[in-house]
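Hi,

Here is the structure I promised to pass on. Have a look at it first, and my notes on its charged residues follow below.

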Amino acid sequence: MPNYRILFCLLGLATTLFSCKSEAEKKELRQDKRPNIVFMMSDDHAYQAISAYSDKLINTPNIDRLAQGGVLFNNASVTNSICAPSRAVILTGKHSHLNGKIDNLSKFDTTNVTFPQILQDAGYQTAMFGKLHFGNNPKGFDEFKILPGQGSYYNPRFITKDGDTVIDGYVTDIITDLTINWLEEERDKAKPFLLMYLHKAPHRAWLPAERHYKEFTKKEFPLPETLFDNYTRIQPEDLKSNSPDVSKAYNLDGRKNSKSTAAQSAEMNILDHMILTNDNKLKDTTIQKLGIKERYLGDPTSRMNKEQKAAWDKVYDPINKEFEKKYPAMDDEDLMKWKYQRYMQDYLGTIASVDENVGRVLDYLDDNNLSDNTIMVYTSDQGFYLGEHGWFDKRFMYEESFRTPLLIKWPNKIKAGITEEQMVQNLDFAQTFLDAAGVNAPDEMQGKSLLPLLTGEKEAWDRDAVYYHYYEYPAEHAVKRHYGIATKDYKIIHFYYDVNEWELYDRKNDPQELHNVFYDPDYAEVREMMVKKLKETRKKYKDSEELDKQFIKVYEDK
(Lines give C-alpha, C1' and ligand atoms only; values in the text may rest on other atoms or scores of the structure.)
Protein backbone atom coordinates (compact mmCIF):
# COMPACT_ATOMS: atom_id res chain seq x y z
CA MET A 1 0.00 0.00 0.00
CA PRO A 2 1.34 3.46 -0.85
CA ASN A 3 2.19 5.75 2.05
CA TYR A 4 -0.40 8.47 1.43
CA ARG A 5 0.86 10.62 4.29
CA ILE A 6 4.28 10.90 2.61
CA LEU A 7 2.66 11.42 -0.80
CA PHE A 8 0.49 14.28 0.45
CA CYS A 9 3.45 15.85 2.22
CA LEU A 10 5.51 15.79 -0.96
CA LEU A 11 2.61 17.24 -2.95
CA GLY A 12 2.20 20.00 -0.38
CA LEU A 13 5.93 20.74 -0.47
CA ALA A 14 5.88 21.02 -4.27
CA THR A 15 2.88 23.35 -4.14
CA THR A 16 4.58 25.52 -1.53
CA LEU A 17 7.78 25.72 -3.56
CA PHE A 18 5.88 26.68 -6.72
CA SER A 19 3.85 29.36 -4.91
CA CYS A 20 7.03 30.93 -3.57
CA LYS A 21 8.53 31.38 -7.02
CA SER A 22 8.37 34.64 -8.98
CA GLU A 23 6.06 34.94 -11.97
CA ALA A 24 9.09 34.66 -14.31
CA GLU A 25 10.20 31.45 -12.60
CA LYS A 26 6.68 30.02 -12.83
CA LYS A 27 6.67 30.77 -16.56
CA GLU A 28 9.99 28.97 -16.87
CA LEU A 29 8.45 25.86 -15.26
CA ARG A 30 5.50 25.98 -17.65
CA GLN A 31 7.71 26.66 -20.70
CA ASP A 32 6.81 25.15 -24.03
CA LYS A 33 9.57 22.59 -24.61
CA ARG A 34 9.63 22.84 -28.40
CA PRO A 35 13.14 23.83 -29.57
CA ASN A 36 14.23 27.41 -29.89
CA ILE A 37 15.75 28.36 -33.26
CA VAL A 38 18.66 30.79 -33.64
CA PHE A 39 19.28 31.37 -37.34
CA MET A 40 22.59 33.17 -37.89
CA MET A 41 23.32 34.33 -41.42
CA SER A 42 25.94 36.61 -42.88
CA ASP A 43 26.01 38.19 -46.33
CA ASP A 44 28.51 36.87 -48.90
CA HIS A 45 30.47 34.78 -46.39
CA ALA A 46 32.45 32.28 -48.47
CA TYR A 47 32.87 28.80 -47.03
CA GLN A 48 36.60 29.20 -47.81
CA ALA A 49 36.70 31.90 -45.11
CA ILE A 50 35.56 29.64 -42.27
CA SER A 51 38.34 27.64 -40.65
CA ALA A 52 36.08 24.63 -40.09
CA TYR A 53 36.24 24.32 -43.90
CA SER A 54 39.75 25.70 -44.51
CA ASP A 55 42.30 27.47 -42.33
CA LYS A 56 44.29 28.95 -45.23
CA LEU A 57 42.82 32.44 -44.88
CA ILE A 58 41.36 33.02 -41.42
CA ASN A 59 40.69 31.40 -38.08
CA THR A 60 37.02 31.52 -37.01
CA PRO A 61 36.97 29.72 -33.63
CA ASN A 62 33.44 30.74 -32.66
CA ILE A 63 31.70 29.74 -35.87
CA ASP A 64 33.73 26.53 -35.72
CA ARG A 65 32.12 25.75 -32.35
CA LEU A 66 28.95 24.83 -34.23
CA ALA A 67 30.80 22.24 -36.28
CA GLN A 68 32.64 20.90 -33.24
CA GLY A 69 29.36 20.45 -31.37
CA GLY A 70 27.20 19.54 -34.34
CA VAL A 71 27.33 18.98 -38.09
CA LEU A 72 29.31 20.58 -40.91
CA PHE A 73 27.66 20.34 -44.36
CA ASN A 74 30.10 19.97 -47.25
CA ASN A 75 27.50 19.99 -50.03
CA ALA A 76 25.21 22.87 -49.03
CA SER A 77 24.25 25.20 -51.87
CA VAL A 78 21.85 27.96 -52.86
CA THR A 79 19.17 28.04 -55.53
CA ASN A 80 19.97 31.55 -56.83
CA SER A 81 23.25 33.14 -55.76
CA ILE A 82 22.26 36.73 -55.05
CA CYS A 83 21.23 38.46 -51.83
CA ALA A 84 17.50 39.20 -51.78
CA PRO A 85 16.37 36.18 -53.84
CA SER A 86 18.30 33.87 -51.53
CA ARG A 87 16.50 35.34 -48.51
CA ALA A 88 13.15 34.96 -50.23
CA VAL A 89 13.88 31.28 -50.86
CA ILE A 90 14.87 30.80 -47.21
CA LEU A 91 11.71 32.45 -45.89
CA THR A 92 9.22 30.84 -48.30
CA GLY A 93 10.77 27.41 -48.93
CA LYS A 94 10.05 27.98 -52.64
CA HIS A 95 12.33 28.50 -55.65
CA SER A 96 12.63 32.02 -57.06
CA HIS A 97 10.34 31.34 -60.02
CA LEU A 98 7.49 30.50 -57.60
CA ASN A 99 8.04 33.07 -54.84
CA GLY A 100 8.55 35.77 -57.51
CA LYS A 101 11.72 37.33 -56.08
CA ILE A 102 13.98 36.39 -58.99
CA ASP A 103 16.49 39.24 -58.60
CA ASN A 104 17.46 42.18 -56.39
CA LEU A 105 15.37 44.54 -58.52
CA SER A 106 11.91 42.99 -58.23
CA LYS A 107 9.74 43.52 -55.15
CA PHE A 108 9.10 40.70 -52.71
CA ASP A 109 5.49 39.56 -52.99
CA THR A 110 4.19 39.88 -49.43
CA THR A 111 1.30 37.52 -50.14
CA ASN A 112 3.87 34.74 -49.84
CA VAL A 113 3.47 32.79 -46.60
CA THR A 114 6.79 32.56 -44.74
CA PHE A 115 7.92 30.07 -42.14
CA PRO A 116 8.25 32.78 -39.41
CA GLN A 117 4.55 33.59 -39.89
CA ILE A 118 3.68 29.93 -39.46
CA LEU A 119 5.85 29.58 -36.36
CA GLN A 120 4.39 32.77 -34.90
CA ASP A 121 0.87 31.40 -35.43
CA ALA A 122 2.00 28.17 -33.76
CA GLY A 123 2.99 30.02 -30.58
CA TYR A 124 6.63 30.94 -31.20
CA GLN A 125 7.95 34.32 -30.18
CA THR A 126 9.79 35.76 -33.20
CA ALA A 127 12.44 38.44 -33.71
CA MET A 128 14.73 39.62 -36.52
CA PHE A 129 17.80 41.85 -36.24
CA GLY A 130 20.14 42.87 -39.06
CA LYS A 131 19.94 42.76 -42.85
CA LEU A 132 16.78 41.65 -44.66
CA HIS A 133 17.38 43.58 -47.93
CA PHE A 134 13.81 43.36 -49.26
CA GLY A 135 12.64 46.89 -48.60
CA ASN A 136 9.56 45.39 -46.91
CA ASN A 137 8.91 45.22 -43.20
CA PRO A 138 9.20 41.55 -42.26
CA LYS A 139 5.95 39.64 -41.70
CA GLY A 140 5.62 37.20 -38.85
CA PHE A 141 7.89 38.97 -36.35
CA ASP A 142 6.98 40.26 -32.91
CA GLU A 143 10.06 42.47 -32.94
CA PHE A 144 12.49 43.60 -35.63
CA LYS A 145 15.22 46.13 -36.29
CA ILE A 146 16.50 45.81 -39.84
CA LEU A 147 18.91 47.72 -42.05
CA PRO A 148 17.43 49.55 -45.05
CA GLY A 149 18.69 47.90 -48.24
CA GLN A 150 22.38 47.06 -47.97
CA GLY A 151 22.81 49.04 -44.76
CA SER A 152 25.99 50.75 -43.57
CA TYR A 153 29.01 49.47 -41.68
CA TYR A 154 29.39 52.59 -39.51
CA ASN A 155 26.65 54.41 -37.59
CA PRO A 156 23.91 52.53 -39.44
CA ARG A 157 20.25 53.41 -39.81
CA PHE A 158 17.67 50.81 -38.77
CA ILE A 159 14.01 50.36 -39.67
CA THR A 160 11.89 49.54 -36.60
CA LYS A 161 8.21 49.24 -35.76
CA ASP A 162 8.43 52.72 -34.25
CA GLY A 163 10.18 54.34 -37.23
CA ASP A 164 13.77 54.76 -38.36
CA THR A 165 16.64 55.25 -35.96
CA VAL A 166 20.42 55.68 -36.27
CA ILE A 167 22.66 53.81 -33.84
CA ASP A 168 26.26 54.92 -33.42
CA GLY A 169 28.95 52.29 -33.67
CA TYR A 170 30.00 49.36 -35.85
CA VAL A 171 27.16 47.45 -37.49
CA THR A 172 28.22 43.89 -36.56
CA ASP A 173 28.56 44.84 -32.90
CA ILE A 174 25.26 46.74 -32.95
CA ILE A 175 23.26 43.87 -34.48
CA THR A 176 24.63 41.61 -31.76
CA ASP A 177 23.83 44.12 -29.01
CA LEU A 178 20.23 44.29 -30.24
CA THR A 179 20.03 40.50 -30.40
CA ILE A 180 21.37 39.90 -26.90
CA ASN A 181 19.25 42.71 -25.47
CA TRP A 182 16.14 41.03 -26.91
CA LEU A 183 17.15 37.69 -25.41
CA GLU A 184 17.79 39.33 -22.06
CA GLU A 185 14.95 41.84 -21.81
CA GLU A 186 12.14 40.88 -24.20
CA ARG A 187 12.15 37.10 -24.48
CA ASP A 188 9.05 35.42 -23.13
CA LYS A 189 10.44 32.51 -21.13
CA ALA A 190 7.19 30.59 -21.43
CA LYS A 191 7.48 30.39 -25.23
CA PRO A 192 9.93 28.86 -27.67
CA PHE A 193 11.50 31.48 -29.93
CA LEU A 194 12.71 32.01 -33.47
CA LEU A 195 15.56 34.51 -33.58
CA MET A 196 16.94 35.60 -36.97
CA TYR A 197 20.36 37.18 -36.43
CA LEU A 198 21.42 38.55 -39.83
CA HIS A 199 24.74 40.27 -40.50
CA LYS A 200 25.54 42.81 -43.20
CA ALA A 201 29.17 41.72 -43.21
CA PRO A 202 31.07 40.70 -45.23
CA HIS A 203 29.15 42.44 -48.05
CA ARG A 204 30.94 44.84 -50.39
CA ALA A 205 32.39 47.47 -49.84
CA TRP A 206 34.25 45.87 -46.97
CA LEU A 207 34.85 48.16 -43.98
CA PRO A 208 36.28 46.36 -40.94
CA ALA A 209 36.02 47.59 -37.37
CA GLU A 210 38.99 49.61 -36.10
CA ARG A 211 40.29 46.74 -33.97
CA HIS A 212 40.43 44.53 -37.04
CA TYR A 213 41.67 46.80 -39.81
CA LYS A 214 44.65 47.66 -37.62
CA GLU A 215 45.45 43.94 -37.60
CA PHE A 216 44.38 42.72 -41.04
CA THR A 217 45.98 45.48 -43.15
CA LYS A 218 49.33 44.06 -42.00
CA LYS A 219 48.54 40.51 -43.17
CA GLU A 220 49.42 38.83 -46.46
CA PHE A 221 47.36 35.97 -47.82
CA PRO A 222 48.14 33.04 -50.15
CA LEU A 223 47.14 33.51 -53.79
CA PRO A 224 44.44 31.24 -55.23
CA GLU A 225 45.68 28.71 -57.78
CA THR A 226 43.27 30.08 -60.39
CA LEU A 227 43.81 33.81 -59.76
CA PHE A 228 45.01 34.24 -63.36
CA ASP A 229 42.46 31.92 -64.97
CA ASN A 230 41.85 32.81 -68.63
CA TYR A 231 38.39 31.16 -68.70
CA THR A 232 39.23 28.57 -71.34
CA ARG A 233 36.39 26.17 -70.74
CA ILE A 234 35.54 24.73 -74.18
CA GLN A 235 38.38 23.17 -76.14
CA PRO A 236 36.98 21.53 -79.30
CA GLU A 237 40.42 21.31 -80.88
CA ASP A 238 41.31 18.69 -78.27
CA LEU A 239 38.33 16.48 -79.07
CA LYS A 240 38.58 13.26 -81.04
CA SER A 241 37.89 13.42 -84.77
CA ASN A 242 34.83 11.21 -84.37
CA SER A 243 33.17 13.68 -82.01
CA PRO A 244 29.37 13.68 -82.44
CA ASP A 245 27.73 16.80 -83.81
CA VAL A 246 26.85 18.19 -80.41
CA SER A 247 26.22 21.67 -81.80
CA LYS A 248 23.45 20.38 -84.06
CA ALA A 249 21.93 18.17 -81.37
CA TYR A 250 21.62 21.09 -78.94
CA ASN A 251 20.70 23.80 -81.46
CA LEU A 252 23.94 25.69 -80.99
CA ASP A 253 24.01 26.98 -84.59
CA GLY A 254 27.33 25.26 -85.21
CA ARG A 255 29.11 27.30 -82.54
CA LYS A 256 31.97 25.67 -80.66
CA ASN A 257 33.64 28.56 -78.91
CA SER A 258 37.18 28.22 -77.66
CA LYS A 259 36.18 30.38 -74.71
CA SER A 260 33.17 30.28 -72.43
CA THR A 261 31.17 33.37 -73.36
CA ALA A 262 29.55 33.65 -69.93
CA ALA A 263 32.82 33.53 -68.00
CA GLN A 264 34.61 35.76 -70.51
CA SER A 265 32.00 38.51 -70.48
CA ALA A 266 31.32 38.63 -66.71
CA GLU A 267 32.42 41.84 -65.03
CA MET A 268 33.82 40.61 -61.72
CA ASN A 269 37.53 40.28 -62.39
CA ILE A 270 39.64 41.70 -59.57
CA LEU A 271 42.10 43.39 -61.94
CA ASP A 272 39.57 44.81 -64.37
CA HIS A 273 36.44 45.45 -62.32
CA MET A 274 37.35 45.90 -58.66
CA ILE A 275 37.31 49.63 -57.90
CA LEU A 276 40.45 51.11 -56.38
CA THR A 277 38.55 53.70 -54.33
CA ASN A 278 35.38 52.02 -53.09
CA ASP A 279 36.78 48.49 -52.90
CA ASN A 280 40.51 48.92 -52.24
CA LYS A 281 40.12 52.10 -50.14
CA LEU A 282 42.36 54.41 -52.13
CA LYS A 283 41.34 58.05 -51.92
CA ASP A 284 39.94 59.76 -55.00
CA THR A 285 42.78 62.29 -54.75
CA THR A 286 45.29 59.43 -54.92
CA ILE A 287 44.00 57.93 -58.17
CA GLN A 288 43.58 61.40 -59.72
CA LYS A 289 47.19 62.20 -58.88
CA LEU A 290 48.25 58.98 -60.62
CA GLY A 291 46.06 59.69 -63.67
CA ILE A 292 43.89 56.60 -63.14
CA LYS A 293 40.38 56.83 -64.60
CA GLU A 294 37.71 54.58 -63.11
CA ARG A 295 34.12 54.58 -61.94
CA TYR A 296 33.74 56.46 -58.65
CA LEU A 297 31.04 55.21 -56.27
CA GLY A 298 31.62 57.76 -53.54
CA ASP A 299 33.52 57.73 -50.27
CA PRO A 300 32.78 54.45 -48.43
CA THR A 301 33.76 56.11 -45.13
CA SER A 302 31.19 58.92 -45.45
CA ARG A 303 29.10 57.77 -42.46
CA MET A 304 32.03 57.78 -40.06
CA ASN A 305 32.20 60.45 -37.37
CA LYS A 306 35.36 62.52 -36.85
CA GLU A 307 36.93 60.11 -34.38
CA GLN A 308 36.20 57.05 -36.53
CA LYS A 309 37.53 58.79 -39.65
CA ALA A 310 40.71 59.93 -37.91
CA ALA A 311 41.41 56.38 -36.74
CA TRP A 312 40.74 55.06 -40.25
CA ASP A 313 42.98 57.62 -41.97
CA LYS A 314 45.80 56.85 -39.58
CA VAL A 315 45.93 53.31 -41.00
CA TYR A 316 44.79 53.79 -44.60
CA ASP A 317 46.68 57.01 -45.49
CA PRO A 318 50.03 55.15 -45.38
CA ILE A 319 48.52 52.50 -47.69
CA ASN A 320 47.65 55.28 -50.14
CA LYS A 321 51.15 56.73 -49.97
CA GLU A 322 52.77 53.34 -50.49
CA PHE A 323 50.58 52.70 -53.54
CA GLU A 324 51.59 56.08 -55.02
CA LYS A 325 55.22 54.99 -54.89
CA LYS A 326 54.70 51.49 -56.27
CA TYR A 327 52.09 52.08 -58.97
CA PRO A 328 54.32 53.57 -61.72
CA ALA A 329 56.42 50.38 -61.77
CA MET A 330 53.49 47.93 -61.55
CA ASP A 331 52.45 45.67 -64.43
CA ASP A 332 49.05 43.96 -64.60
CA GLU A 333 50.24 40.97 -62.58
CA ASP A 334 51.59 43.21 -59.84
CA LEU A 335 48.38 45.24 -59.72
CA MET A 336 46.23 42.11 -59.62
CA LYS A 337 48.20 40.77 -56.66
CA TRP A 338 48.05 44.13 -54.86
CA LYS A 339 44.28 44.44 -55.33
CA TYR A 340 43.78 40.86 -54.20
CA GLN A 341 45.71 41.45 -50.95
CA ARG A 342 43.77 44.66 -50.23
CA TYR A 343 40.52 42.81 -50.95
CA MET A 344 41.38 39.98 -48.57
CA GLN A 345 42.58 42.31 -45.81
CA ASP A 346 39.28 44.19 -45.66
CA TYR A 347 36.95 41.28 -46.50
CA LEU A 348 38.48 38.98 -43.88
CA GLY A 349 38.70 41.86 -41.40
CA THR A 350 34.92 42.20 -41.49
CA ILE A 351 34.59 38.42 -40.91
CA ALA A 352 36.74 38.66 -37.79
CA SER A 353 33.99 40.83 -36.27
CA VAL A 354 31.30 38.38 -37.34
CA ASP A 355 33.12 35.52 -35.67
CA GLU A 356 33.64 37.47 -32.44
CA ASN A 357 29.99 38.40 -32.28
CA VAL A 358 28.74 34.92 -33.09
CA GLY A 359 30.80 33.93 -30.06
CA ARG A 360 28.96 36.51 -27.94
CA VAL A 361 25.59 35.03 -28.92
CA LEU A 362 26.73 31.45 -28.34
CA ASP A 363 28.16 32.44 -24.96
CA TYR A 364 24.85 34.03 -23.97
CA LEU A 365 22.94 30.89 -24.90
CA ASP A 366 25.39 28.75 -22.91
CA ASP A 367 25.47 31.04 -19.88
CA ASN A 368 21.67 31.21 -19.70
CA ASN A 369 21.00 27.48 -20.09
CA LEU A 370 19.40 27.94 -23.49
CA SER A 371 21.79 25.95 -25.67
CA ASP A 372 20.51 22.47 -24.87
CA ASN A 373 17.07 23.16 -26.33
CA THR A 374 18.13 25.42 -29.20
CA ILE A 375 18.84 24.70 -32.86
CA MET A 376 21.78 26.94 -33.76
CA VAL A 377 22.45 27.49 -37.46
CA TYR A 378 25.22 29.44 -39.17
CA THR A 379 25.12 30.02 -42.92
CA SER A 380 25.50 32.68 -45.59
CA ASP A 381 23.00 33.90 -48.17
CA GLN A 382 25.34 32.51 -50.82
CA GLY A 383 28.97 31.73 -51.53
CA PHE A 384 31.56 34.21 -52.79
CA TYR A 385 34.69 34.31 -54.92
CA LEU A 386 37.87 35.04 -53.01
CA GLY A 387 40.08 35.41 -56.07
CA GLU A 388 39.26 32.00 -57.56
CA HIS A 389 39.19 32.41 -61.36
CA GLY A 390 40.36 35.98 -60.71
CA TRP A 391 36.93 36.91 -59.42
CA PHE A 392 35.08 38.59 -56.60
CA ASP A 393 31.27 38.56 -56.12
CA LYS A 394 28.98 35.56 -56.79
CA ARG A 395 25.99 34.84 -59.19
CA PHE A 396 27.44 31.93 -61.16
CA MET A 397 26.56 28.30 -60.55
CA TYR A 398 30.30 27.64 -60.39
CA GLU A 399 31.38 26.13 -57.08
CA GLU A 400 32.57 29.06 -54.96
CA SER A 401 29.36 31.02 -55.62
CA PHE A 402 26.93 28.10 -55.63
CA ARG A 403 28.22 26.42 -52.48
CA THR A 404 27.45 28.02 -49.13
CA PRO A 405 28.65 27.34 -45.58
CA LEU A 406 26.23 25.50 -43.32
CA LEU A 407 26.93 24.48 -39.72
CA ILE A 408 24.19 23.30 -37.34
CA LYS A 409 24.37 22.50 -33.64
CA TRP A 410 21.50 21.00 -31.64
CA PRO A 411 22.73 19.43 -28.39
CA ASN A 412 21.25 16.06 -27.46
CA LYS A 413 19.83 15.74 -30.99
CA ILE A 414 22.84 16.02 -33.31
CA LYS A 415 25.95 13.96 -32.73
CA ALA A 416 28.89 16.31 -32.18
CA GLY A 417 31.65 16.72 -34.76
CA ILE A 418 30.08 15.02 -37.76
CA THR A 419 30.42 15.92 -41.45
CA GLU A 420 27.53 15.56 -43.88
CA GLU A 421 28.06 15.02 -47.62
CA GLN A 422 24.42 14.91 -48.73
CA MET A 423 23.23 17.68 -51.07
CA VAL A 424 21.15 20.26 -49.23
CA GLN A 425 20.02 23.80 -50.09
CA ASN A 426 18.76 27.01 -48.55
CA LEU A 427 15.43 25.82 -49.95
CA ASP A 428 15.32 23.32 -47.06
CA PHE A 429 15.48 25.66 -44.05
CA ALA A 430 11.76 26.49 -43.86
CA GLN A 431 10.62 22.88 -43.74
CA THR A 432 13.42 21.91 -41.36
CA PHE A 433 12.39 24.50 -38.79
CA LEU A 434 8.70 23.72 -39.12
CA ASP A 435 9.41 20.00 -38.77
CA ALA A 436 11.50 20.60 -35.64
CA ALA A 437 8.64 22.64 -34.17
CA GLY A 438 6.10 19.92 -34.93
CA VAL A 439 4.26 22.08 -37.46
CA ASN A 440 3.10 20.81 -40.84
CA ALA A 441 4.66 22.65 -43.78
CA PRO A 442 2.40 23.99 -46.56
CA ASP A 443 2.23 21.73 -49.61
CA GLU A 444 3.64 24.47 -51.87
CA MET A 445 7.00 24.46 -50.07
CA GLN A 446 9.58 22.70 -52.25
CA GLY A 447 12.42 21.84 -49.88
CA LYS A 448 13.03 18.87 -47.64
CA SER A 449 13.37 18.79 -43.87
CA LEU A 450 16.97 18.20 -42.84
CA LEU A 451 15.89 16.43 -39.64
CA PRO A 452 16.66 12.93 -40.99
CA LEU A 453 20.23 14.03 -41.66
CA LEU A 454 20.51 15.77 -38.29
CA THR A 455 19.20 12.86 -36.28
CA GLY A 456 20.97 10.00 -38.03
CA GLU A 457 18.07 8.73 -40.14
CA LYS A 458 19.86 9.09 -43.48
CA GLU A 459 17.90 6.29 -45.12
CA ALA A 460 14.97 8.74 -45.28
CA TRP A 461 17.00 11.14 -47.46
CA ASP A 462 16.60 10.48 -51.18
CA ARG A 463 17.78 13.64 -52.99
CA ASP A 464 20.41 13.05 -55.68
CA ALA A 465 20.43 16.45 -57.42
CA VAL A 466 19.85 20.14 -56.63
CA TYR A 467 18.47 22.83 -58.94
CA TYR A 468 19.81 26.34 -59.60
CA HIS A 469 18.51 29.30 -61.64
CA TYR A 470 20.02 32.79 -61.94
CA TYR A 471 18.05 35.62 -63.60
CA GLU A 472 19.62 39.06 -63.04
CA TYR A 473 20.95 39.87 -66.53
CA PRO A 474 21.63 42.30 -68.15
CA ALA A 475 22.70 43.91 -64.88
CA GLU A 476 25.66 44.64 -62.65
CA HIS A 477 28.54 42.16 -63.10
CA ALA A 478 27.05 40.93 -66.41
CA VAL A 479 26.62 37.29 -65.38
CA LYS A 480 24.37 35.69 -67.98
CA ARG A 481 21.08 34.00 -67.16
CA HIS A 482 21.52 30.31 -66.57
CA TYR A 483 20.04 27.27 -64.90
CA GLY A 484 21.41 23.85 -64.07
CA ILE A 485 21.60 20.92 -61.71
CA ALA A 486 24.39 19.43 -59.64
CA THR A 487 24.82 15.90 -58.38
CA LYS A 488 27.69 14.76 -56.20
CA ASP A 489 29.58 13.76 -59.35
CA TYR A 490 28.57 16.20 -62.10
CA LYS A 491 27.21 19.66 -62.81
CA ILE A 492 25.42 20.77 -65.96
CA ILE A 493 24.66 24.44 -66.79
CA HIS A 494 22.67 26.00 -69.62
CA PHE A 495 23.34 29.70 -70.35
CA TYR A 496 20.52 31.42 -72.26
CA TYR A 497 18.87 34.72 -73.27
CA ASP A 498 21.53 36.25 -75.56
CA VAL A 499 23.57 33.03 -75.84
CA ASN A 500 22.79 29.32 -76.06
CA GLU A 501 25.69 27.51 -74.40
CA TRP A 502 26.08 24.40 -72.30
CA GLU A 503 28.71 23.41 -69.79
CA LEU A 504 29.30 20.10 -68.02
CA TYR A 505 31.81 19.54 -65.22
CA ASP A 506 33.17 16.42 -63.59
CA ARG A 507 33.03 17.53 -59.96
CA LYS A 508 35.13 14.68 -58.61
CA ASN A 509 37.98 14.87 -61.15
CA ASP A 510 37.85 18.61 -61.83
CA PRO A 511 36.82 20.33 -58.57
CA GLN A 512 38.07 23.73 -59.80
CA GLU A 513 35.78 23.46 -62.84
CA LEU A 514 38.46 24.23 -65.40
CA HIS A 515 37.40 21.78 -68.11
CA ASN A 516 33.98 21.88 -69.75
CA VAL A 517 33.39 18.31 -70.96
CA PHE A 518 29.96 18.87 -72.49
CA TYR A 519 31.45 18.48 -75.99
CA ASP A 520 33.79 15.63 -75.10
CA PRO A 521 32.69 12.30 -76.65
CA ASP A 522 34.13 10.45 -73.67
CA TYR A 523 31.36 12.06 -71.59
CA ALA A 524 28.55 11.47 -74.11
CA GLU A 525 26.60 9.12 -71.83
CA VAL A 526 27.05 11.42 -68.84
CA ARG A 527 25.90 14.37 -70.95
CA GLU A 528 22.72 12.63 -72.04
CA MET A 529 22.01 11.46 -68.51
CA MET A 530 22.49 14.96 -67.06
CA VAL A 531 20.43 16.67 -69.78
CA LYS A 532 17.58 14.24 -69.08
CA LYS A 533 17.87 14.72 -65.32
CA LEU A 534 17.88 18.50 -65.77
CA LYS A 535 14.62 18.35 -67.74
CA GLU A 536 13.05 16.13 -65.09
CA THR A 537 14.23 18.39 -62.27
CA ARG A 538 12.87 21.52 -63.94
CA LYS A 539 9.52 19.81 -64.27
CA LYS A 540 9.64 18.59 -60.66
CA TYR A 541 10.17 22.14 -59.36
CA LYS A 542 7.61 23.61 -61.81
CA ASP A 543 10.14 25.65 -63.80
CA SER A 544 9.97 25.83 -67.59
CA GLU A 545 10.99 27.62 -70.79
CA GLU A 546 7.64 29.40 -70.68
CA LEU A 547 8.55 30.91 -67.30
CA ASP A 548 12.02 31.82 -68.62
CA LYS A 549 10.37 33.78 -71.43
CA GLN A 550 7.85 35.34 -69.03
CA PHE A 551 10.57 36.69 -66.74
CA ILE A 552 12.58 37.97 -69.72
CA LYS A 553 9.51 39.84 -70.96
CA VAL A 554 8.93 41.37 -67.50
CA TYR A 555 12.54 42.55 -67.53
CA GLU A 556 12.42 43.97 -71.07
CA ASP A 557 9.10 45.75 -70.42
CA LYS A 558 10.49 47.71 -67.47
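**Salt bridges and a charged patch**

D498 and K480 are joined side chain to side chain by a salt bridge, at 3.1 Å from N to O (that is, a side-chain nitrogen of Lys or Arg within 4 Å of a carboxyl oxygen of Asp or Glu). The two sit in distant parts of the chain, 18 residues apart: D498 is in the loop between β15 and β16 (501-506), and K480 in the loop between β13 (466-470) and β14 (482-486). Helices (H or I, at least four residues) and strands (E, at least two) are DSSP runs, numbered from the N terminus. D498 is partly exposed at 42% relative accessibility, while K480 is buried at 5%. Buried here means under 20% relative accessible area, exposed over 50%, and partly exposed in between (1.4 Å probe, protein chains only).

Before you go further: this is a predicted model, where local features need pLDDT of at least 70 and side-chain atom pairs count only at pLDDT 80 or more, but totals for chains, interfaces and linings use all residues. Residues are numbered from 1 along each chain as its sequence is written, and side-chain values use heavy atoms, with hydrogens and water left out.

Next, K508 has a salt bridge to D489, with the closest N and O atoms 3.0 Å apart. K508 is in the loop between β16 and α18 (524-540) and D489 in the loop between β14 and β15, so this pair ties together parts 19 residues apart in sequence. K508 is exposed, at 56% relative accessible area, whereas D489 is partly exposed at 33%.

How many salt bridges does a search of the whole structure find? The total is 39. Another of these is between the side chains of E399 and K491, at 3.2 Å from N to O. E399 belongs to helix α15 (residues 399-402) and K491 to strand β15 (residues 490-495), so the pair ties together parts 92 residues apart in sequence. E399 is buried at 9% relative accessibility, and K491 is buried too, at 0%.

Lastly, the surface: D272, D331, D332 and D334 form a negative patch. Patches take residues with over 30% relative accessible area and no salt bridge, and like charges are joined within 9 Å; for Asp, the place of the charge is CG. Of the four, D331 lies in the loop between α13 (306-326) and α14 (332-367), and D331 is partly exposed at 43%.

Cheers

Technical notes. Patch = residues over 30% accessible without salt bridge, like charges linked within 9 Å, V, L, I, M, F, W, Y side chains within 5 Å. Areas by Shrake-Rupley, 256 points an atom, 1.4 Å probe, with all protein chains shown as cover. Lys, Arg positive; Asp, Glu negative; His and termini not counted.
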